[in-house]
Amino acid sequence: MSDVKALAEERTQMLVDVLAGRIPKRVPVCPTITYEYAVEYTGNSLFEAFWHMENFEKISDVICRDFYVDLFPMNYLRFPALYKTLGARNWVQGSNGFMQHPEVVGLLEEEYDEFIESPYDCIMEKVLPRIYTNLNTDPVTRSIVLAKAFKIFNDEFGNIGAVTAKLSAKYGLANVNLFSAAPSAPFDFVADQLRGFRNIMLDIRRIPEKVEAAVKAAAPLMTKMGLPAGPTPPNTAVFIPMHMGPFMRTADFERFYYPTFKEMVENFVKAGLHVLLFVEQDMMRYLDHLNDLPENTIMWFELGDPKLAKEKVGKKHIITGFYPVTMLKTGTVEQCVDKAKEILDILAPGGRYFFNFDKAPLTFDTAKPENLKAVLEYVAQNANY
Amino acid sequence: MFNAEQLKQAVGELDEEKVLAMLREFVATNPSQEEAQQAVAACQSGMAIVGDLFEKEEYFVGDLIFAGELLTNAIEILKPVLGSASSKKIGKIVLGTVAGDLHDIGKNIFKSMAEAAGFEVFDLGIDQPPANFVNKVREVKPEIVGMSGVLTLALEAMKDTVDALKEAGLRDSIKIIIGGNPVTKEACEQIGADAFTTNAAEGVKICQGWVK
């Protein structure tokens, strides 16, 4: 067996052990690094790079070569070509070229009943044309726009999938997919894409029954979005970025967010998937809720107290994150490595942990490469069991 | 006339129906401008309660958004009787989301709480290059500049903005506060801001401390 093949098997085994709740040989090093970071690290411009996704392999190769990773570190979702074709209002570039999600309203307050009655029809007829302005056109034009958008979507994701497989083979990276799909929690979908962050906060006080019903109506669609089209492949996780919880009162979370979310996670587990949650912002007051999810749910924490999380969910679930990525910008190499030691001492004992930062470095100026390198290498060399 | 204490409490409890009913009843009595100002003051005190409950983690960001909406609606009802008398401002803040970042929910919460605390806020909007901060500071001569951002890339843009204010010779005449998810003590030092917060209510208190 070739060296890289053996390496890939060893790395896969480490992650498989972690996902099954067994203690692995070493803490796996699985940072997520944005394609934006990679583009600027290799001296390319954000504005141009997105229109030349044929360079995805070349640019990603440099990252896999220069930084220690056990798993392919990059995934990229927000193709400007796709969103520009659609005339999207929900994903746009900032003045620096970085794609982001501004506040949008896809569903008007008076359309709640329509959505609750028939969510799919309402999304097709009302929400999409509002969010994607080029679909708000005559039937011929919008058919062409939609066809073009799907062509771009399939081409780009096909390319990324192929490059991921190719570079994983080249560098002996683990054969595990943590991002097979990215459905939203039903409440987050209603908040982020339909009503907007601001409106949903007003709605849960003024028309709570409608919000509750809309979230229930959205749930089957979100579940469908996360399930694989064919048989579930092994070692595959569906990624759910949790968004609104930290901004709500606990009682509201329990009423509007948690029930459909929990059911969705349970459905994914029943289908043989792992579930990777991005536990955004500080969700320490929800640790009991999180602990109640099916065993070995992967929880990628952003802020909060790693000790408390390890104590409350770390025996049943898998933890990652908590390392403050901003330290890679503000700290020295020594400070950054010390922070890694501190985090490992808390989270590594007993397994059920792999290394990642609290969030991905976004653009080149958010993390010094020497710090990023030093931290990843430190973990790879020292976090043995 | 109205019961100021009750109005203040109702705002603090975010009891929208009660607040709006009290104010509609009050406006119907055709109050003087001075009385109308007292109603505004009571609503503003109610907002201070909201800020306190937020710091105690009884309220969360969603409640601050609702409070901002409630205050806007309250002032709207009072407008016809407020006349031209305007309440005394305690200071000026130039506020904006820095270059490259399109997020404004946190900025808008801070804005509505700062206005409720008596500041005059000049809101530049989102994705604002350093030059726009410099020009606005030159124009309105604020005591305070507030920079907001959600993405970690905002930290570099905040530093660029502080540097531009320094180059323009304006840095020494203002206090700078940065706010948003990625700000930390270390980032604040590197950026060269005077204060940082991830908590809008605390941010307003810091600003109040500066204009005392």
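**Figure 1. Helices and strands of chain B in the predicted model.** Chain B holds 9 helices and 5 strands. Follow the sequence and the pattern reads α-α-α-α-β-α-β-α-β-α-β-α-β-α.

Figure 2. Now look at contacts between residues at least 6 apart in sequence. In chain B, 77% of these contacts join residues at least 24 apart.

**Figure 3. The two assigned domains of chain B.** The domain assignment gives domain 1 as residues 4-82 of chain B. Domain 2 of chain B is given as 91-211. Taken over C-alpha atoms, the centres of domain 1 and domain 2 of chain B are separated by 26 Å.

**Figure 4. Where domain 1 of chain B touches domain 2 of chain B.** Here 10 residues of domain 1 of chain B are in contact with 9 residues of domain 2 of chain B. Which elements give two or more residues to the domain 1 side of chain B? They are helix 3 (33-55) and helix 4 (61-82) of chain B. By class, this side of domain 1 of chain B has 6 nonpolar, 3 polar and 1 charged residues.

Conventions
Residues are numbered from 1 along each chain as its sequence is written. Chains are lettered from A and ligands numbered from 1 in the order in which they are written. This is a predicted model: local features need pLDDT of at least 70, side-chain atom pairs count only at pLDDT 80 or more; totals for chains, interfaces and linings use all residues. Helices (H or I, at least four residues) and strands (E, at least two) are DSSP runs, numbered from the N terminus. Two residues are in contact if their C-beta atoms, placed from the backbone, lie within 7 Å. Domain bounds come from an automatic or database domain assignment. Ala, Val, Leu, Ile, Met, Phe, Trp, Tyr, Cys and Pro count as nonpolar, Asp, Glu, Lys and Arg as charged, and the others, Gly among them, as polar.
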